[in-house]
Amino acid sequence: MARVAVVTGGSRGIGAAISKALKAAGCEVAATYGGNDEAAAAFTKETGIKTYKWSVGDYDACKEGIAQIESDLGPVDILVNNAGITRDAPFHKMTPQQWHEVIDTNLTGVFNMTHNVWPGMRERKFGRIVTISSINGQKGQFAQANYAASKAGDIGFTKSLAQEGARAGITVNVVAPGYVGTDMVMAVPEKVRESIIGQIPVGRLGEPEEIARCVAFLTADDAGFITGSTITANGGQYFT
Ligand code: CAA
């Protein structure tokens with residue numbers, strides 16, 4: 001039977017590429033999104049992949065949303081925590097709101113989603129969880145104390161859960177992309193972006209599909225010996 005995969009933030013950017021890659025790998029995919037109805041409708045029209053709207057920062061919404069997906073498609077075998085936001089500002093200008101919004105989505109959202117699929121995965125003795133971190137969670141980034149903290153937190157979360165899931169057939173891994181040509185990176189001021197590209201040894205931004213390929217690799221049935229790992233895909237910009 002086809003594996004059921006949930007991809008948060010799965011209708012745009014890297015998430016859309018992941019949703020498509022998992023569908024191509026034979027999964028039944030549900031893509032969640034937080035706000036952009038138009039993009040979600042266009043994505044479903046293009047791919048046939050169903051979309052579901054809720055905020056990953058809201059625990060009860062995650063619980064209800066996952067129950068709905070399970071009633072539509074069946075028990076969740078694969079969770080990809082991809083939804084993420086930036087609220088960049090130098091620390092002396094960063095507001096508590098900018099801090100909390102980013103932590104609530106990028107880190108607490110990962111807890112909220114994972115906590116609601118975990119019991120079922122434990123019961124069925126199978127699960128694949130992949131969280132999309134970032135190069136900036138590994139190296140830090142000027143104006144991203146909030147984002148870098150959330151993305152580094154995702155790595156610690158993963159290494160802990162990998163130990164807890166191992167005996168239950170659940171693998172828990174991270175993919176840490178570098179700068180990829182998505183709306184998030186295109187929102188960085190052009191001059192800054194050009195200087196970032198200059199720091200990438202392969203000489204270009206990544207493609208969403210290059211990140212999706214890592215996720216498809218980690219979520220395959222035969223990837224059961226890989227857990228607690230971080231796959232870094234950043235064009236050589238930073239080595240851990
Ligand atoms: N290192 C050191 N100094 C830097 C710097 C850097 N990387 N970037 C900016 N500065 C300096 C500026 O030169 C400026 O200095 P001066 O005051 O001496 O001229 C100062 O810091 C910036 O001050 P501003 O008052 O102009 O800052 P601002 O409040 O307008 O904020 C900014 C501007 C938000 C920092 C903007 O430059 C920006 O967005 N930078 C990009 C940050 C970034 O890389 N974000 C990553 C987004 S992509 C992503 O997150 C995806 C992923 O996972 C990879």
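The crossing of α1 and α9 is right-handed, the near helix being turned clockwise from the far one by less than a right angle. The model is predicted, with local features requiring pLDDT of at least 70 and side-chain atom pairs pLDDT 80 or more, while totals for chains, interfaces and linings use all residues. Residues are numbered from 1 along each chain as its sequence is written, and side-chain values use heavy atoms, without hydrogens and water.

Helix α1 spans residues 13-24 and helix α9 residues 208-219; they pack at about 45°, with axes 8 Å apart. Helices are DSSP runs (H or I, at least four residues) numbered from the N terminus; axes are lines fitted to C-alpha atoms over the stretch in contact, with angles from 0 to 180 degrees between N-to-C directions. Contact (heavy atoms within 4.5 Å) involves Gly13, Ile14, Ala17, Ile18, Ala21 and Leu22 of α1, and Pro208, Glu209, Ile211, Ala212, Val215, Ala216 and Thr219 of α9. These residues comprise 10 nonpolar, 2 polar and 1 charged, where Ala, Val, Leu, Ile, Met, Phe, Trp, Tyr, Cys and Pro count as nonpolar, Asp, Glu, Lys and Arg as charged, and the others, Gly among them, as polar.

In α1, Ile14, Gly15, Ala16, Ala17, Ile18, Ser19 and Leu22 are buried (under 20% relative accessible area, 1.4 Å probe, protein chains only). Just after α1, glycine 26 adopts a positive phi of about 100°.

Glutamine 138 lies in helix α5 (residues 135-139). Glutamine 138 is buried, at a relative accessible area of 17%. Leaving aside residues up to four places away in sequence, glutamine 138 touches Ile155, Ala176, Thr230, Thr232, Tyr238 and Thr240.

Conventions. Helix = DSSP H or I, 4+ residues; strand = E, 2+ residues; numbered from the N terminus. Buried < 20%, exposed > 50% of the residue type's maximum accessible area, 1.4 Å probe, protein only.
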